[in-house]
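Colleague: Could you walk me through this one step by step? I am new to reading structures.

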Amino acid sequence: MHPALSVILLTTAIGAGQGLFLAMITGQLYAIAHFLPVQEGQFYAFGSLLALAFLLAGLGASFFHLGHPERAWRAIAMWRTSWLSREVIVLPLVMILALAYGSAHAFGWTRPLFQIGESLQVDLSLLLGIAGTIATLALFVCTAMIYAAVRFLQEWHTPLTVSNFLFLGTASGFMLAAAYSAYLGNPLVTFYGTWSVILTLVGFISRFLHLRRNDRLKPKSTLQTAIGIRHTQIVQKAQGATGGSFNTGEFFHGQNPRLVYALRYLYLTLIFPIPVLLIGLSYVITSPRLPILAFGIQFLGLMVERWAFFAEARHPQNLYYQSVA
Amino acid sequence: MTQLALVIDLNVCVGCHACVTSCKEWNTSGWAGPLTDYNPYEGSPRGTFFNRVQTFEVGTFPNTETIHFPKSCLHCEEPPCVPVCPTGASYKRPDNGVVLVDYDKCIGCKYCSWACPYGARELDEQQKVMKKCTLCIDRITDESLPERERKPACVLACPTNARLFGDIHDPDSEVSVAIRERGGYQLMPEWGTKPANHYLPRRKTQLHIRPDELTRVDNPWRKEDITPYTGEESIDDVAWAAI
């Protein structure tokens, strides 16, 4: 498949935004459980605002993918069948919840509404946080299922696509939370750093299994089934177009396959060991800059990873374009 | 329920591209607007087509066969491109089974083209909407046309009658009989998309001649034995040779 920059930016930016939003809510939950010191409202408010900025950036990038962005609102229609439609509904919902959650902290709407059990004081920010968690997880599933639901792209048609989006997105978001805390000089950098390392390692397992699965994948369709001629020797002589077509552009990455393979090592290095080492190092030397660097490198790696995710997928229609394939 | 479809006979397609040009002509000048071309007279022309003819060579020289393979939307009975469309622009007509795109609703997200294993959909680079074969829906449903012209432009244009058009759900239609009796098959059946369009396979044309058919039993020359036969070749030497 041809990797579109707009889609690469969309999926990486909203992944980091969703992860950061989850990180803010997780921080609050830990504080409620007295595992962490309670933070100022401003901490959650600006964190949610930063998450919102990433979500907005992703949404903005997605418009460049569309031929008719002015009609994008129509995409909410087919939520019963289309994961893309579901994403179009859930993404603004997450943005609204992030804004509301941030506002609840910024304006101090934290008067307890009711109490559960002995000590759990439920306020508006907690309710919004729970709703935000559900919506954010739903958005990860929707985004990933856009790809995983296309059964013809066997490289994508696996639950590992969903786990990749979930764990790589949350890892990047918690890394961003660590960077944000480090920037503020907040001691929560250790908490977020540790979680980002855990999520990064889980993400590595998921992506590694995905790569291993795809390397062993046997294409379901062959040139023989594509044109219905049972013969081992079939050579294509004409593709039906002189100067290429939509089919010869949209479904091919147009790069040397060895580059695609080499990029695998690049992104695996950028996403997994380097940020983990940088976070570890930042504990030792208590540097405020290293978590920011770790996030930046991992985000760059995720963009390469998303490029390769598209390039690795081989569409069965390519069988009809043998000289491009 | 009706399911209109094309049945394409690979045995008689000669790869003349008349279906391609007639399709382009009819659909670019119709109500749905142009099928845009870019650089039509330059070295690298690009454009939107609903139908293309590809050519494959099967076998190893000298035992090769050339297959001309016309390729357009197959109007699947389980169209995978329809449920993925977020706007509902992509739909299957319930009355005749034709898969269509509403150009006014399409947002140009290309998701339907990803969900089509056959690569039947093309994004129009100027109008920025997804386009595909409509089976000439504006011809086949136009009751002001005489009955014999209510067929897709490609079918009317084909000089070798390689393209048949009809309802594959009617067991007595020309297309159903052709599929049933001439080994009609579907492309990539492994995906369960149930393409409505079928292809008829190439057939070996063989002539079986028995030795007695080579001998002209009632050869008057032989009967009267008036031939000045001296061992040289004659126009009738097949008959003589068999004696």
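Colleague: Where is A:L113 found?
Modeller: This is a predicted model, where local features need pLDDT of at least 70, side-chain atom pairs count only at pLDDT 80 or more, totals for chains, interfaces and linings use all residues, and side-chain values use heavy atoms, leaving out hydrogens and water. Residues are numbered from 1 along each chain as its sequence is written, with chains lettered from A and ligands numbered from 1 in the order in which they are written. Helices (H or I, at least four residues) and strands (E, at least two) are DSSP runs, numbered from the N terminus. A:L113 sits in the loop between α3 (83–106) and β1 of chain A.

Colleague: How many residues of chain B are in contact with chain A?
Modeller: Contact means heavy atoms within 4.5 Å. On the side of chain A, 59 residues take part. Their partners in chain B number 53 residues.

Colleague: What is the area buried between chain A and chain B?
Modeller: Buried area is the accessible area (1.4 Å probe) that two parts lose on being put together, summed over both. Carbon and sulfur atoms give 60% of it here. The total is about 4700 Å².

Colleague: Which residue forms a salt bridge with B:E57?
Modeller: A salt bridge is a side-chain nitrogen of Lys or Arg within 4 Å of a carboxyl oxygen of Asp or Glu. The rule finds two across this interface. For B:E57, the closest N and O atoms are 3.9 Å apart, and the partner is A:K237.
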